[in-house]
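Work through the exercises below with the structure open. Try each task before reading its solution.

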Amino acid sequence: MPDMSFGDAIRMALAEEMRRDPRVVLLGEDVAEAGTTFKVLKGLVDEFGCTRVIDTPISEPGFTGLAVGAAMAGMRPVVDIMFGDFLALIMDQVVNQAAKIHYMSGGKWKVPMVVRATMGASRRSAAQHSQSLHAWPSHIPGLKVAMPSTPYDAKGLLKAAIRDDNPVIIFEDKISYTKVKGPVPEDDYVVPLGVADIKRQGRDITLVATSSMVQVALGAAAMLEEIGIDAEIVDPRTTWPLDEKTLIESARKTSRAMVIDEGYFRYGVTGEIASVIAEGAFYDLDGPVRRLGARHVPIPFSPVLEDVTVPTERDVFDLARTMCNK
Amino acid sequence: MSADAERFVRMYRQMVAIRFFEERVNDLYTRALMPGLAHLYIGEEAIAVGICEALRTDDYITSTHRGHGHCLAKGASPHLMFAELLGKEAGYCKGKGGSMHIADPATGNLGANAIVGGGAGIATGAAFAAKFLEQGRVAVCFFGEGALGQGVLYESMNLAQLWTLPVIYACENNLYNEYTHCSETTAGDMLARPRAFGIDSEAVDGQDVRAVNTAAVRLVERARRGEGPGFLLLDTYRYRGHHVGDIAREYYRSKQEEQEWVTGRDPIALHRAWLESKGLMGRDAFERIDVEVAAEMDAAVEFAMKAPYPDPSRVDEDVYA
Ligand SMILES: Cc1ncc(C[n+]2csc(CCOP(=O)(O)OP(=O)(O)O)c2C)c(N)n1
């Protein structure tokens with residue numbers, strides 16, 4: 001099985017689903033010839049043409065709303081939101097429309113659409129192009145939210161999302177597009193939404209990590225191993241549905257848990273997951289569940305400032321070491 | 001020199017300043033000395049210069065991701081701009097904003113914006129305040145034709161015309177929304193859009209700094225007299241990539257097209273030829289400007305390179321007022 005980049009795995013998933021189902025179309029800014037700013041969709045227009053890989057005006061609320069209607073009327077649109085920060089522009093379509101239509105119609109209308117948005121800082125892109133806003137849709141009943149961390153998961157989760165009858169928001173870490181590589185089967189597989197994955201088995205501490213933070217946790221685990229701490233890394237893969245069972249079981253086994261996520265700390269994904277673990281594993285824990293997340297500031301431009309806003313391997317290592325009393 | 005002649009020379013110098021500034025930005029990027037990316041204004045200088053020449057220091061502007069030209073034309077210091085671009089403490093935003101977020105209350109700059117169309121509400125709101133507070137100020141909202149896709153622009157223009165607000169919408173039509181031609185993203189006649197609200201709207205050759213200035217003066221004076229908003233549609237071209245890293249561009253626009261604008265419609269060359277033909281400036285004067293501006297920009301880069309980074313502890317400051 002060849003190693004493939006995170007971005008290439010996403011392109012592969014889209015191509016497979018578009019071959020399988022003619023109702024799947026891609027909508028977004030510069031998605032066709034340019035293949036997006038990140039070049040992730042490069043080449044898809046050659047195979048599927050500009051009637052299915054559709055360049056839009058810079059009208060995020062407009063084309064997201066259009067996707068909602070198209071999904072209700074029988075299509076399977078996949079919307080590309082170049083920077084996750086622009087989620088702020090489409091929230092009405094996603095939150096008040098897509099998320100609620102199935103419920104409000106008593107289950108009569110379905111909205112099978114996917115929004116692919118990016119996330120992640122550390123690219124010196126400043127406050128309006130660096131946020132990780134996945135906690136927002138995770139808060140809303142009716143939406144599903146996926147956060148792949150590996151090429152394998154990126155392909156499988158995206159395929160599952162496209163086949164799902166609900167609106168699914170997928171967050172893709174920008175740096176991972178080219179930096180993270182891994183094996184990706186050519187087969188037609190899906191990763192079901194709501195199933196966590198143990199990225200590393202361990203005995204001493206559970207590190208729950210999402211998206212970009214999985215690589216950080218893996219780096220920290222290697223450092224921890226050198227001082228005799230055996231960390232287990234659990235990747236929930238979707239923030240909703242959330243695989244509470246796997247999270248709790250891991251924490252009960254290791255008796256210590258830390259949650260690491262690139263979104264804001266306050267009122268965020270780490271808080272939710274920590275409380276799930278605290279409630280489910282309370283009597284087996286040696287101490288409180290700890291959290292690491294983005295610093296509570298708009299992401300600054302200057303490298304010296306930006307570098308202290310996102311959890312690092314060192315931060316995870318230091319906190320894990322304290323938690324394990326080593 | 002007459003006041004008019006001084007103005008024409010000043011506009012020439014300011015366009016050269018923007019171009020030299022941007023060439024140094026590109027150089028810093030290419031030498032990996034600047035963090036992140038930047039969107040260069042080279043080729044579009046006449047718009048910022050022609051419009052800002054019609055403004056007072058206390059008038060407002062909102063700017064865009066391609067904003068260095070607007071900031072400089074409104075009176076920003078190249079020293080503090082370069083410092084910001086390099087993420088230094090001495091920069092306009094203490095290193096927190098970077099290339100896409102330069103803001104400067106002293107020159108009425110409400111801020112550059114990395115959200116396409118993000119300035120529409122802000123500029124209109126500043127105009128609302130200027131009217132409410134009876135300050136006689138006007139606001140100019142710069143944006144690229146890509147922002148014509150954003151609904152907030154139309155909501156803002158409707159409010160501005162309804163409430164007779166002193167705001168000028170300056171649409172810089174450089175033909176491309178990133179890598180897609182505007183004809184693929186914009187239905188109908190661009191100018192018909194503001195006109196549908198009854199806004200006084202005009203199409204202008206954005207490479208002709210004098211034409212831009214004349215149109216801007218008319219709309220600014222009108223707005224200042226309390227007669228409401230204006231809209232300028234300015235044809236222009238960005239010579240370089242969408243951002244400094246956009247080097248291979250032939251899949252979306254031809255080298256020939258680029259060459260035609262660069263050689264045939266360069267705003268600096270056109271204005272220079274006009275100044276010469278009117279006998280307002282000669283070869284020596286142009287050379288002197290080049291030398292002086294180059295020295296100023298080099299000094300600004302040097303200042304920024306030597307300036308210290310902020311202390312990481314400053315990261316938590318400024319979140320709240
Ligand atoms: C709301 C929003 N959508 C998308 C983007 C990404 N983006 C940055 S610049 C740009 C193209 C802008 O084109 P235009 O407004 O014509 O300005 P130009 O770059 O040509 O000066 C796009 C799509 C953005 N910054 N904000």
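**Exercise 1. The contact between chains**

How many residues does the contact take from chain B, and how many from chain A?

*Solution.* Keep in mind that this is a predicted model. Start with the totals. Chain B gives 33 residues to the contact, and chain A gives 26 residues. Next, sort the chain B side by class. The side of chain B that touches chain A holds 14 nonpolar, 14 polar and five charged residues.

**Exercise 2. The ligand site**

Find the residues that surround the ligand, and decide which chains they come from.

*Solution.* Count the shell: 20 residues surround the ligand. The closest are R66(B), V116(B), G144(B), G146(B) and N177(B). Now check the chain letters over the whole shell. Chains A and B both supply residues around the ligand, so the site is shared between chains. Finish with the classes. The shell divides into nine nonpolar, six polar and five charged residues.

**Exercise 3. Two helix pairs in chain B**

Describe how α4(B) packs with α11(B), then do the pair α1(B) and α11(B).

*Solution.* Two packed helices are described by the angle between their axes and the distance between the axes.

Step 1: the pair with α4(B). Helix α4 (residues 78-85) of chain B packs with helix α11 (residues 283-306) of chain B at an angle of about 45 degrees, and their axes are 8 Å apart. That angle makes α4(B) oblique to α11(B). Their crossing is right-handed. On the α4(B) side, P78(B), H79(B), F82(B) and A83(B) make the contact.

Step 2: The axes of helix α1 (residues 3-30) of chain B and α11(B) come within 9 Å and cross at roughly 40 degrees. The two helices are therefore oblique to each other. The crossing of α1(B) and α11(B) is right-handed. From α1(B), the contact uses Y12(B), R13(B), V16(B), A17(B), F20(B), F21(B) and R24(B). These meet I289(B), D290(B), V293(B), A294(B), M297(B) and V301(B) in α11(B). By class, there are 10 nonpolar, no polar and three charged residues.

**Exercise 4. The setting of V53(A)**

Is V53(A) buried or exposed?

*Solution.* Locate the residue: V53(A) is in strand β3 (residues 53-55) of chain A. Count neighbours. V53(A) has 25 other C-beta atoms within 10 Å, so V53(A) is buried. The cut-off for buried is 20 or more. List the contacts, leaving out residues up to four places away in sequence. V53(A) touches L26(A), V31(A), A32(A), L41(A), L44(A), V45(A) and F48(A).

**Exercise 5. Backbone exceptions in chain A**

Which peptide bond is cis, and what is phi at S122(A) and S211(A)?

*Solution.* Begin with the rule. Most residues other than glycine have a negative phi, and most peptide bonds are trans.

- The bond from W240(A) to P241(A) is cis, with omega near -5 degrees. P241(A) sits in the loop between β12 (238-240) and α10 (244-254) of chain A.
- S122(A) has a positive phi of about 75 degrees. S122(A) lies in the loop between β5 (114-119) and α6 (135-138) of chain A. With 18 C-beta neighbours inside 10 Å, S122(A) counts as partly exposed.
- S211(A) has a positive phi near 45 degrees. S211(A) lies in the loop between β10 (205-209) and α9 (212-226) of chain A. With 29 C-beta neighbours inside 10 Å, S211(A) counts as buried.

Technical notes:
Residues numbered from 1 in each chain as written. Chains lettered and ligands numbered in written order. Predicted model: local features only at pLDDT ≥ 70, side-chain atom pairs only at ≥ 80, totals over all residues. Helix = DSSP H or I, 4+ residues; strand = E, 2+ residues; numbered from the N terminus. Buried ≥ 20, exposed ≤ 12 C-beta atoms within 10 Å, placed from the backbone. Contact = placed C-beta atoms within 7 Å. Nonpolar A, V, L, I, M, F, W, Y, C, P; charged D, E, K, R; others polar. Near = placed C-beta within 6 Å. Axes fitted to C-alpha atoms, helices over the stretch in contact; angles between N-to-C directions. Parallel < 35°, antiparallel > 145°, perpendicular 65-115°, else oblique. Left-handed = near helix turned anticlockwise from the far one by under 90°.
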